[in-house]
Amino acid sequence: MLDTISKFYHGLNAVGRTTLYTTPLLLLAVAVLLVLERKFPYRKGLPFFREGLWVDLFWYTLVQSYFLQILIFGFIIQPLAARLGAQFHWVSGWPVAVQVGLFVVTHDFYIYWFHRFQHNSAFFWRTHEAHHSGKQVDWLAGSRSHAVEIIINQTIEFAPIVLLGANPIVVPIKALIDAVWGMYIHANVDVKSGRLQYVINGPEMHLWHHADHEEVYFANFSTKFATWDWLFGTAYLPAGRKPVRWGLPYAFPKDYFLQHAFSVHRFDEAALAEQSALFRAYHGLRWRLLGWLGRHVPAARALQGWPVPDGAPETVARRPGSNPAPAAPVSPATPESSRPVATAS
Ligand SMILES: [Zn+2]
Ligand SMILES: [Zn+2]
C-alpha cells in the first residue's frame, strides 16, 4: 500500500506533487471559514443554503473554472510561451517564495486598477456586475465572476508567471493563495482586524464593496492588499456600521447562462417568459427539477435556497451600464447615502 502511494507520488511532476498539498489546504480553509461563519457571523441568520449557492458552486466554481483553465492555459498561455520561448526568463534563479511574493503583489496592484476601471466603464461593468449580483454574500460568493473577467484577469495573472520563467509550482501556490484570500474577503465573518485592515484586505471592507449603498459603488476595490484603497483614496470603512442592502440596485437574472446573456443584451425576464414558450420552458426547468426533488426528498428542499425578493431599487446612484429603466422608482438620498467616502487622509 505504502509502496503504491510512494510510486504514485514520485510518478507525479512537481506541479502535481504541489497540488497534493494545496488541495487539502484549500479544503481546510473552506472548513475553517464555514465554522467561523457559523460562530461569528457578519450578517446573522445567513443560511448555508443561501440563494444562488448552487449556481456559484456548480456553474461558476466547477464547470466554468474547469473549461476556462483549459482555455487560458492551453489556448492562450501555452501558445504564447511556445512563440516567445525562453527570452524573458528573468526570475528563474529566484527562490520560489520571492517569486510567489512578486506575483502576488504585482497582480494585486493590477487587479485593483482593473477592478476600479470596471466600476467606471459602462462596457466593462457588464463583465463585473454578475460578481455583485448576489444579495447574500458568503465564502463562495466571490466565485461568481463573468467568464470574460476571468479570462482577462487570469491570463494577465498566469502568463507572466510562465513567460518570466518562474518555477512551475508557483502556479498552484498562487492559485491556492487566490482561492483562500478570495473566500476570506467574501466570508460572512465579523472580522475586526484593526490596523491590519490597512494592509490585509478582509470581509470588513470587501463586504461593504458588495453592499447596495451608493457610497461604496466606487470604493473598496482592493482584493488582497487594502493598502491600494487607502493609498489611492478609495477606502470606505465606517466605524460601527454595516450595510443594510446588498447586491445590485436593478433586477439581474439568477441563472448562469442568462447572467452571461444579460451582459451582452439587456432583457426583461418576465416579459420574455410571457412572449416565448421556449424561454418559459428553459427558465422554469431548474425550479421544476428542484420542486420535484423537494417533493420526493424533503431534505433536498434546502437546495432551493432561501430567495431574497428583488425589491425596487432603493438607491439613487446608477452603476454604469445598469438597466435602462427610466421609470424605475427612485427614492431621495438618505443622510446615510450622502456621506462622503472616507479616505486615508
Ligand atoms: Zn466590484
Ligand atoms: Zn467580491
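Predicted model: local features only at pLDDT ≥ 70, side-chain atom pairs only at ≥ 80, totals over all residues.
The buried residues of helix 4 are covered by, among others, helix 5 (122-125), helix 6 (147-163), helix 7 and helix 9. The buried residues in question are Gln99, Val100, Phe103, His107, Ile111, Tyr112, His115 and Gln118.

How far apart are the end C-alpha atoms of helix 4? They are 36 Å apart, which agrees with the 36 Å that its 25 residues should span at 1.5 Å a residue.

### The whole chain

Stepping back, the protein has 12 helices and zero strands. Read along the sequence, its pattern is α-α-α-α-α-α-α-α-α-α-α-α. Of the 345 residues in the protein, 32% are buried.

### How the helices pack

| Helix pair | Distance between axes | Angle |
|---|---|---|
| Helix 3 (residues 53-84) and helix 6 | within 9 Å | roughly 40° |
| Helix 2 (residues 14-39) and helix 7 | within 9 Å | roughly 5° |
| Helix 4 and helix 7 | 10 Å | about 50° |

With axes crossing at roughly 40°, helix 3 and helix 6 are therefore oblique to each other. Helix 3 passes helix 6 in a right-handed crossing. On the helix 3 side, the residues that meet helix 6 include Leu68, Leu71, Ile72 and Ile76. On the helix 6 side, the residues taking part include Ile150, Ile151, Phe158 and Val162. Gln64 of helix 3 and Gln154 of helix 6 also belong to this meeting of the two helices.

Are helix 2 and helix 7 roughly parallel or oblique to each other? They are roughly parallel, as their axes cross at roughly 5°. Residues of helix 2 that meet helix 7 include Val15, Leu25, Leu26, Val30 and Leu33. Helix 7 brings residues including Val171, Pro172, Leu176, Met183 and Tyr184 to this contact.

Helix 7 also packs with helix 4, at an angle of about 50°. That makes helix 4 oblique to helix 7. Their crossing is right-handed. The contact is made by Val96, Gln99, Val100, Phe103 and Val104 of helix 4 and Val170, Ile173, Lys174 and Ile177 of helix 7. Among these, Gln99, Val100 and Phe103 are buried residues of helix 4.

In soluble globular proteins, nonpolar side chains tend to be buried together. In this model, the largest nonpolar core has 28 residues. Which of its members touch the most other members? They are Leu33, Tyr184, Ala187, Trp208 and Val216. Helix 4 (96-120), helix 7 (170-186), helix 8 (203-209) and helix 9 (227-231) each supply at least two residues of this core. The largest share, four residues, comes from helix 7.

Not counting residues up to four places away in sequence, Ala187 touches Leu33, Leu36, Glu37, Asp138, Trp139 and Pro203. Another core, of 11 residues, lies apart from the largest one, and its members include Ile161, Ile169, Val170 and Ile173. Val170 and Ile173 also take part in the contact between helix 4 and helix 7.

Asn220 lies in the loop between helix 8 and helix 9. Its phi is near 55°, a positive value in a residue other than glycine. Most residues other than glycine have a negative phi. Is Asn220 buried or exposed? Asn220 counts as buried because it has 23 C-beta neighbours inside 10 Å, and 20 or more are enough for that.

Asn13 sits in the loop between helix 1 (2-11) and helix 2. Asn13 counts as exposed, with 9 C-beta neighbours inside 10 Å. From C-alpha to C-alpha, Asn13 and Ile169 are 9.6 Å apart in space, although 156 residues apart in sequence. Ile169 is one of the residues of the 11-residue core.

Leu34 is found in helix 2. With 17 other C-beta atoms within 10 Å, Leu34 is partly exposed. The C-alpha atoms of Leu34 and Phe48 are separated by 8.6 Å, and the two residues are 14 residues apart along the chain.

How values were computed: Residues numbered from 1 in each chain as written. Chains lettered and ligands numbered in written order. Core = buried A, V, L, I, M, F, W, Y, C linked by C-beta atoms within 7 Å. Buried ≥ 20, exposed ≤ 12 C-beta atoms within 10 Å, placed from the backbone. Contact = placed C-beta atoms within 7 Å. Expected span 1.5 Å × (residues − 1). Axes fitted to C-alpha atoms, helices over the stretch in contact; angles between N-to-C directions. Parallel < 35°, antiparallel > 145°, perpendicular 65-115°, else oblique. Left-handed = near helix turned anticlockwise from the far one by under 90°.
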